[in-house]
Amino acid sequence: MDMRPAEELLKDWESEQQRLRQLVVDQDSEVWQSRPDFAGLQRVAGVDLSFIKGDEVNACAQLVVLSYPDLKLLYEDSQMVTLTAPYIAGFLAFRETPFLLEALQRLNGKDPSLMPQVVFVDGNGLFHYREFGLACHLGVLSELPCVGVAKNLLQVQGVHKSGEHQSQIAALEKGGDSFPLIAASGKVLGKALRSSESSSKPVYVSVGHKISLDTAVRLTHACCRYRVPEPIRQIGVRGRNVCKQELLLLFPRSECCGLYNNAVKK
């Protein structure tokens, strides 16, 4: 765990975010992104960390790669990791990115032909306190197109869960409908998307890297069978059993059962 004084740590992290923020590409960078049916897109990935309630050290880093457009599993990787940075709101990337990057690097070492053409991140991108969330951080360091998809609204830069916001959600009539998340400055930081016909509760989409917001929203909808895009949903579906098995190796069975039963997704 990083033991530097909090003030020094935050100063260094803010400086690093500002430096890397300059490298974010918020426009389409790949040919397939401009095509109506995303022709040429063959592999989409999802990444996330699963945390153990009450344990600030151990987590499960997960990566899945699915085929597109049929969304069949091509590759999965789950590893128990030891966290080395504290949790501080707005700086989640410093806690999680190293392990997600390692998962992508392992895949590249095993089978480069399965490297994803775009990565869905369970978290935010430009929709962030300093417009540099986890999806941006991972995108810049991996040099891959990344999309941030959050299940809960981050109330930041003047965006609030207000009555107006709830009214906008209610006005989303069908899957694919969206509305912009506008900062107090007037800048659009992301969009709330009704991702499927079966769920009226939106997800919050923002640019990570090397993709435009409109394309990120369109692609997110295309990858949704349910509320959450399939690359992220599959992590939850497949990761629970893997993480439980890994916990059994770390802890006695009685202790592990309690930890696993209390495990929560961030």
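# A guided tour by selection

**Stop 1: Gln157**

Select Gln157, which sits in the loop between β5 and α4. Helices and strands here are DSSP runs numbered from the N terminus: helices are H or I with at least four residues, strands are E with at least two. The model is predicted, so local features need pLDDT of at least 70 and side-chain atom pairs count only at pLDDT 80 or more, while totals for chains, interfaces and linings use all residues. Residues are numbered from 1 along each chain as its sequence is written, and side-chain values use heavy atoms, leaving out hydrogens and water.

Now look at the backbone of Gln157. Its phi is near 55°, a positive value in a residue that is not glycine. Most residues other than glycine have a negative phi. Gln157 counts as partly exposed, at 26% relative accessibility. The scale is this: buried is under 20% relative accessible area, exposed is over 50%, and partly exposed lies in between, with a 1.4 Å probe and protein chains only.

**Stop 2: the loop between β2 and β3**

Go to Leu71, in the loop between β2 and β3. Leu71 is not a glycine, yet its phi is positive, about 60°. Is Leu71 buried or exposed? At 7% relative accessibility, Leu71 counts as buried.

Stay in this loop, between β2 (58-67) and β3 (73-82), and pick Pro69. The peptide bond joining Tyr68 and Pro69 is cis, with omega about 15°. Most peptide bonds are trans.

**Stop 3: helices α2 and α3**

Select α2 (residues 92-110) and α3 (residues 134-142). Their axes come within 9 Å and cross at roughly 40°. An axis is a line fitted to C-alpha atoms, for helices over the stretch in contact, and angles run from 0 to 180 degrees between N-to-C directions. This angle makes α2 oblique to α3. Under 35 degrees counts as roughly parallel, over 145 as roughly antiparallel, 65 to 115 as roughly perpendicular, and the rest as oblique.

Show the side chains at the contact. From α2, pick Leu92, Ala93, Phe94, Glu96, Thr97, Leu100, Leu101 and Leu104. From α3, pick Leu134, His137, Leu138, Leu141 and Ser142. Contact means heavy atoms within 4.5 Å. Colour these residues by type: nine are nonpolar, three polar and one charged. Here Ala, Val, Leu, Ile, Met, Phe, Trp, Tyr, Cys and Pro count as nonpolar, Asp, Glu, Lys and Arg as charged, and the others, Gly among them, as polar.

**Stop 4: salt bridges**

How many salt bridges does a search of the whole structure find? The search finds 11. A salt bridge is a side-chain nitrogen of Lys or Arg within 4 Å of a carboxyl oxygen of Asp or Glu.

Pick Glu131 and Arg21. Their side chains meet in a salt bridge, 3.3 Å from N to O. Glu131 is in the loop between β4 (118-122) and α3, and Arg21 is in helix α1 (residues 6-21), so the pair ties together parts 110 residues apart in sequence. Glu131 is buried, with a relative accessible area of 14%.

Next, select Asp122 and Lys151. Their side chains form a salt bridge at 2.9 Å, N to O. Asp122 belongs to strand β4 and Lys151 to the loop between β5 (146-150) and α4 (163-170), so this pair joins parts 29 residues apart in sequence. Asp122 counts as buried at 6% relative accessibility. Lys151 is partly exposed, with a relative accessible area of 24%.

Then take Lys191 and Asp214. The closest N and O atoms of their salt bridge are 3.0 Å apart. Lys191 is in strand β7 (residues 188-193) and Asp214 in helix α5 (residues 213-222), 23 residues apart. Lys191 is buried, with a relative accessible area of 18%. Asp214 is exposed, with a relative accessible area of 52%.

**Stop 5**

Remain on α5. Its buried residues include Leu213, Thr215, Ala216, Val217, Leu219 and Thr220. What covers the buried residues of α5? The cover includes β4, β5, β6, β7 and β8 (203-209).

Finish at Gly175, in the loop between α4 and β6 (178-182). Gly175 is buried, with a relative accessible area of 13%. Leaving aside residues up to four places away in sequence, Gly175 touches Arg194, Ser195, Ser196, Glu197 and His221. Draw a line from Gly175 to Ser195: they are 20 residues apart in sequence and 5.1 Å apart in space, C-alpha to C-alpha.
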